[in-house]
Number of protein chains: 2
Amino acid sequence: MPKRVDHAQRRAHIADALVRVAAREGLHAVTMRAVAVEAGVSLNLVQYYFDTKAGLVHAALEHLERQSHERWAARLAGLEDPGSARACLEAFVAESLPADEAGHTFRLVWTSYAVLAMTDPALAGQPFVEGPHRLERQLTEILAKARAAGEIAADRDVSAEAARLLSLSHGVGTSVLVGQRSVAEAREVMRYHLDRLFDDPGAPRAP
Amino acid sequence: MPKRVDHAQRRAHIADALVRVAAREGLHAVTMRAVAVEAGVSLNLVQYYFDTKAGLVHAALEHLERQSHERWAARLAGLEDPGSARACLEAFVAESLPADEAGHTFRLVWTSYAVLAMTDPALAGQPFVEGPHRLERQLTEILAKARAAGEIAADRDVSAEAARLLSLSHGVGTSVLVGQRSVAEAREVMRYHLDRLFDDPGAPRAP
DNA sequence: GCCTTTACCGTACAGCCGTACCATAAAAAC
DNA sequence: GTTTTTATGGTACGGCTGTACGGTAAAGGC
């Protein structure tokens, strides 16, 4: 075996294994041993790359956030009409709903981490405050442009609308994860919401 | 000490202790010993009343659901104008946001259980499907009456509105719990939502 | 050619977990 | 008044967990 390996790649491989275990059996079932088995490496190797469990868990969270950010950016970039606010927001909805397996996994594990952060001060801070805030600002910008372009009514409060979109998508996503709603029903709720946002006849418009 | 005690009361006492531990340190920190200490009883007593840990956890969930149901019913009953849909929905919002300590505790522990149920089939089923569905039906009824009374526009889809309300309130509640938003900001988002629901000038009305 | 570093393995240890078991006072049953 | 039941305490056990430690083959460095 060669002497030098790509640490970042090994760490990503192990972090992915953690996410898989967490998605399948819950974050509480994540142990160093379980992650090692899932990654197909020895227990010691997990220790070698993340020397404590807290470090592993924390690193996996950052890994997850980076991945989701990239997926969202890629989806935005792949839009055929990036100028259309409706298209952007529909992409946002599609991305945030646990539709495909990747989305389901991400939402589930992310929510698990969020719950963990509610009682563990070492985990809170950045990811669950900074991340959503950034997303919310992004949504606010999209909405502001749409309002300026007359796509949505002039009397809408764009930052409130952004908060509503973010919270609502998170809420319906959760309802899908617990089995209360199907993905189709969730999509329907979000479609209704967007329809209400854009189709507002009789409301005042910009220019 | 007397021979016969009120089992239901003892069980409630211990279940409350579990909820307190879960709210303070997270559901993952709930152990038989921790619950026993919190309740001020011996480990064996916890075993005596709920003979397995799964039983304890399950019973505490039912306890939590019953409590929340009672609180919500009491709030509805305490309304000065129970006929006003806006008042009902505002009561619903107030009840579902983690405003006071009880609400915070309930939301946090409830969400923890929800996350647990996402991977544990033994816990899913009833509480997280039946409960929300019942609430959603209740909201739908309130909205349908409001629409019939002309309080909200005739072109609103009441069941979609109910789903939106429920999911949105859950979403903003979560954002408060993770520290992304203050309770005041959450209330502001919900107020905006209700304003949009009720103030819809120019929209068609029922008789 | 030798020595250090890197990447890995296996194992051991102390601690906490759920659970089972034994003991025992007090009340109830008879 | 004896016997059984109920409510409780204490403790022990096997299993799993995170972490520490001692090895070791291969690759560089010199």
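User: How many helices and how many strands are there in chain A?
Analyst: This is a predicted model, in which local features need pLDDT of at least 70, side-chain atom pairs count only at pLDDT 80 or more, and totals for chains, interfaces and linings use all residues. Residues are numbered from 1 along each chain as its sequence is written, while chains are lettered from A and ligands numbered from 1 in the order in which they are written. Helices (H or I, at least four residues) and strands (E, at least two) are DSSP runs, numbered from the N terminus, and chain A reads along its sequence as α-α-α-α-α-α-α-α-α. The count for chain A is nine helices and zero strands.

User: What percentage of the 207 residues of chain A count as buried?
Analyst: A residue is buried if 20 or more other C-beta atoms, placed from the backbone, lie within 10 Å of its own, exposed if 12 or fewer, and partly exposed in between. The C-alpha trace of chain A spans about 70 × 35 × 30 Å along its principal axes, and among the 207 residues of this chain the buried share is 35%.

User: Which helices of chain A do the buried residues of α1(A) pack against?
Analyst: Helix α1 of chain A, residues 7–25, has 19 residues and reaches 27 Å from its first C-alpha to its last, close to the 27 Å expected at 1.5 Å a residue, where the expected span is 1.5 Å times one less than the number of residues. Its buried residues include I14(A), L18(A), V19(A) and V21(A), and G26(A), with a positive phi near 95°, follows the helix. The partners against which the buried residues of α1(A) pack are α2 (32–39), α3 (43–49), α4 (53–77) and α6 (101–119) of chain A.

User: Which residues touch the most other members of the largest nonpolar core?
Analyst: A nonpolar core is a set of buried Ala, Val, Leu, Ile, Met, Phe, Trp, Tyr and Cys residues joined through C-beta atoms within 7 Å. L18(B), not counting residues up to four places away in sequence, touches V30(B), V35(B), L56(B) and A60(B). In the largest core, which has 109 residues, those touching the most other members are L18(A), V109(A), L18(B), V35(B) and V109(B).

User: Which helix gives the most to the side of chain A that touches chain B?
Analyst: Two residues are in contact if their C-beta atoms, placed from the backbone, lie within 7 Å, and the contact between the chains takes 37 residues from chain A and 38 residues from chain B. On the side of chain A that touches chain B, α6, α7 (126–148), α8 (158–177) and α9 (183–198) each supply at least two residues. With eleven residues, the helix that gives the most to this side is α8(A).

User: What rotation superposes chain A on chain B?
Analyst: Because 100% of the interface residues of chain A are also interface residues in chain B, the copies meet through the same surface. The copies are superposed by least squares on the C-alpha atoms of residues with pLDDT of at least 70 in both. With 0.0 Å of shift along the axis and an RMSD of 0.0 Å, the rotation that superposes chain A on chain B is 180°.

User: Is A87(B) buried, exposed or partly exposed?
Analyst: A87(B) lies in helix α5 of chain B, residues 85–96, and, leaving aside neighbours within four places in sequence, is in contact with L79(B) and D81(B). Because A87(B) has 15 C-beta neighbours inside 10 Å, A87(B) counts as partly exposed.
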